[in-house]
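Trainee: Could you take me through one residue of this protein up close, and then show me what else is worth a look?

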Amino acid sequence: MSGRFSEETMTAAMREMAATLDVSPEDAQLLQLTNNAVFALPRAGIVIRIARTHQLLDRVTKVIQLGCWFAEIDAPTIRLARDVEQPIEFEGLVASVWQYVPPHPPALTVEDLGTVLREFHALGTPPFPLPIWDPVGDARRRLADADGISKIDQNFIADWCDRLEPKVAALNKSARRTLIHGDAYVGNLLRESSGRAVLCDFDATCVGPWQVDLAAVAVGEARFGGTGTYSSLVAAYGSDVVQAHSWTLLRHARELKMIAAAAPLLAASPKVAQEFAKRLRTVRDKEHETRWTPFAELAG
């Protein structure tokens, strides 16, 4: 299906960006088609991440700044591509370019995630400003870029945002602020040839309560299924966010993110639109145990 952010449009943009970089796109592999269209070009040794929204393009600048800082301090993260002037653009679409990390055994685990997050949270904050954790603002920006969302659904999410906003502000004010990844799960880990596990995807990285990163796994287990994943994270990290007084707020904020993320993509994928409607219904009806399907398995 064609559209502003369809796979067809993103692939065409990737090819033009590859030409700008003077590399061949013939071996390009689409790794992800959710908030970003992520293409690996293994022979060139790069990954091109194209933002699939016009409302969050400032994030591309932020992740490039972070990538430079991570390299300086040897953070447990992937690295920007060498000798590439960033960001790169094509017809209003903006992308960052990263070094390609081929798959390496053993398989990444939630224990790896807990260990990496503990190190990541101890990095301190960079010498440039980062946004404060703001799941409500992110959701509103995605709504502003929505394709194919009904007025009823748009109003429901807007009201949800209004209810959460003062609670998020209060938690930001009272909590100890650290660097947080913002979308911490095993799918955002890679393993280098040295065996070290590293984080990728820094679109949501910000400053805020560190518990946000643990909540991502806890909510993911509740919504996507699995047994023992979160308990393994607790053992590796050394803290249990479900027991925190802020747990209910953190859960609601994570679910808002997991729903609003698809708002700009509804017209490009009927399957994503169907899952989006299901997620909203379960929140409306307070069905906390209803399982969801990851958007990454449906997009296209």
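Mentor: Thr282 sits in helix H9, which spans residues 270-284 (helices are DSSP runs of H or I with at least four residues, strands runs of E with at least two, numbered from the N terminus). This is a predicted model, where local features need pLDDT of at least 70, side-chain atom pairs count only at pLDDT 80 or more, and totals for chains, interfaces and linings use all residues. Residues are numbered from 1 along each chain as its sequence is written, and side-chain values use heavy atoms, leaving out hydrogens and water.

Thr282 has a relative accessible area of 0%, so it is buried (under 20%; exposed is over 50%, partly exposed in between, with a 1.4 Å probe and protein chains only). Setting aside neighbours within four places in sequence, Thr282 has Arg223, Glu287, Thr290 and Trp292 in contact (heavy atoms within 4.5 Å).

Now for the nonpolar cores (buried Ala, Val, Leu, Ile, Met, Phe, Trp, Tyr and Cys residues joined through side-chain atoms within 4.5 Å). The largest has 77 residues, and Leu113, Trp133 and Ile157 touch the most other members. Helix H8 (residues 247-260) contributes the most, giving eight residues. Another core lies apart from this one; its 19 residues include Phe5, Leu33, Leu93 and Ala95. Beyond four places in sequence, the residues that Trp133 touches include Val168, Leu171, Ile180, Leu250 and Ala253.

Finally, strands E1 (residues 29-33) and E2 (residues 36-41) run antiparallel, joined by four bridges (pairing takes at least two DSSP bridges). Gln29 has Ala40 of E2 as its bridge partner, and a hairpin of two residues connects E1 to E2.
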